[in-house]
Amino acid sequence: MKIQSHFVDLDTPTGVMRTYIHRPVGEGSYPVILFYSEIFQQTGPIERAARLMASHGYAVLVPEVFHELNPIGTVLGYDDAGRDKGNADKEAKDVQGYDSDNVAMIEFVKTQPWCNGHIGAMGYCIGGHLAFRAALQPEVKGTACFYATDLHIQKIPNKPGQHSMERLDDIKGELLMIWGKQDNHVPADGLLKIYQELKATDITFTWHEFNAEHAFMRDEGDGGRYDAQTAQIGYQLALNLFSRTLR
């Protein structure tokens, strides 16, 4: 399916948030995927992944996750300077800022003729956590979280009772949790903690662990992590989830 790309600048309570939109060409309405990037914002790999998902008949929105902390259009490099800046931004933005970002995007897509009213979420790394956070919104029916960081620890600033794992009762849609067993960001005991807490709820979720490193979906930077074959399985799992929950 041919796709088109453009952007919109959305007003949020914490400032203007540039949001990139990738969607099929032509008339028609489609399910929406809110796609959350790594700490580097919309890099080449993130844009390619978003366009791949869009080519399967989805309108994919990629917000600048740290819009409060950077000039519009900022893309950080896959280098030490980029990682340092992105990690500093992650530790500076309060989790409630992501909630208001989610509301802004959801309210926006509800008014668009290319949205059919069905909304899901997806993300990599911190974006996997932010997709998990988006699942707290009642409109989000399916969420694919790829190696979501900081679910097992207190890292992202939040008020008491507002850590994402403390709000599991608010998740009404289905979750897809994908991990790399060699991921140094989420060790085995962290995986077990997340799994056991999810298992204790009524949330519908699937859980997949691959022999892969952190960022195995990313086809650029940090050479040696990308696993193309496993990445294709990841895409298929996400497409399967969305075909069931958003169609």
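User: Is strand S2 enclosed or open to the outside, and why?

Analyst: Buried means under 20% relative accessible area, exposed over 50%, partly exposed in between (1.4 Å probe, protein chains only). Strands are DSSP runs (E, at least two residues) and helices likewise (H or I, at least four), numbered from the N terminus. Strand S2 (residues 15-24) is largely enclosed by the rest of the structure because eight of its ten residues are buried. This is a predicted model: local features need pLDDT of at least 70, side-chain atom pairs 80 or more, while totals for chains, interfaces and linings use all residues. Residues are numbered from 1 along each chain as its sequence is written, and side-chain values use heavy atoms, without hydrogens and water.

User: Which strands pair with S2?

Analyst: Two strands pair if DSSP finds at least two bridges between them. S1 (residues 3-12) pairs antiparallel with S2 over ten bridges. A hairpin of two residues joins S1 to S2. S4 (residues 59-63) also runs antiparallel to S2, with four bridges.

User: What stands opposite Thr-19?

Analyst: Val-8 stands opposite Thr-19. In S4, the bridge partner of Thr-19 is Pro-63.

User: Where is Gly-97, and is it buried or exposed?

Analyst: Gly-97 sits in helix H3 (residues 95-110). Gly-97 counts as buried because its relative accessibility is 10%.
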